[in-house]
Amino acid sequence: MDVIITYLEMTDPAALIPGRLAPDLTLDPVAPTTPGLPEAHARTGAPYGWPAATRTWQEWNHLLTTENRHHYFFRVHGETAGVLTVAPHRDGEIGRASCME
């Protein structure tokens, strides 16, 4: 599998052009113990070859209980449509992984 890494940096906040609102879309914070979190990662990440798609329950338990990550569900009409994980790094950078179905 080919790996493509892309970095984006906005250096001028005035360059931000807001998109249109999606009134039925919400981004809801969830705890690492939230039922369905590993499944949402696996389901949304499988088409992209994410490691999340093949993690064991033991690997998930270790990852969710030891890593400093913040998890969110994208929801449309209350149904989970994707997942966002944000991982703050010591150098101030923010790593993230997200995907919508």
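**Terms and values**

Modeller: His 71 is buried, with a relative accessible area of 5%. The model is a predicted one, in which local features need pLDDT of at least 70 and side-chain atom pairs pLDDT 80 or more, while totals for chains, interfaces and linings use all residues. Residues are numbered from 1 along each chain as its sequence is written, and side-chain values use heavy atoms, without hydrogens and water.

Colleague: Why is His 71 called buried?

Modeller: Buried means under 20% relative accessible area, exposed means over 50%, and partly exposed lies in between (1.4 Å probe, protein chains only). His 71 has 5%, so it is counted as buried. This residue lies in strand S2; strands (E, at least two residues) and helices (H or I, at least four) are DSSP runs, numbered from the N terminus.

Colleague: Which residues does His 71 touch?

Modeller: Leaving aside residues up to four places away in sequence, the contacts of His 71 include Asp 28, Leu 37, His 41 and Thr 85. Contact here means heavy atoms within 4.5 Å. The C-alpha atoms of His 71 and Asp 28 are separated by 8.5 Å, and the two residues are 43 residues apart along the chain.

Colleague: What makes His 41 buried?

Modeller: The relative accessibility of His 41 is 6%, so this residue also counts as buried. His 41 is placed in helix H1, and among the residues it touches are Trp 50, Trp 60, His 71 and Val 83.

Colleague: Which residues of helix H1 are buried, and how do you know that they line one face?

Modeller: In H1, residues 37–45, the buried ones are Leu 37, Pro 38, Ala 40, His 41, Thr 44 and Gly 45. Seen down the helix axis they fall within an arc of 165°, and therefore they line one face of H1. The arc is taken from the directions from the helix axis to the C-beta atoms.

Colleague: What makes a group of residues a nonpolar core?

Modeller: The term denotes buried Ala, Val, Leu, Ile, Met, Phe, Trp, Tyr and Cys residues joined through side-chain atoms within 4.5 Å. The largest such core has nine residues: Val 30, Leu 37, Ala 40, Ala 52, Trp 60, Leu 63, Leu 64, Phe 73 and Val 83.

Colleague: Why is the pair of Asp 28 and Arg 75 called a salt bridge?

Modeller: A salt bridge requires a side-chain nitrogen of Lys or Arg within 4 Å of a carboxyl oxygen of Asp or Glu. The closest N and O atoms of Asp 28 and Arg 75 are 3.0 Å apart, so the pair meets this cut-off. Asp 28 lies in strand S1 and Arg 75 in strand S2 (residues 70–76), so the pair ties together parts that are 47 residues apart in sequence. A search of the whole structure finds one salt bridge.

Colleague: Are these two partners, Asp 28 and Arg 75, buried or partly exposed?

Modeller: Asp 28, at 22% relative accessibility, counts as partly exposed. Arg 75 is partly exposed as well, with 21%.

Colleague: Why does Ile 5 count as exposed?

Modeller: Its relative accessibility is 58%, and so Ile 5 counts as exposed. Ile 5 is found in the segment before strand S1 (25–30).
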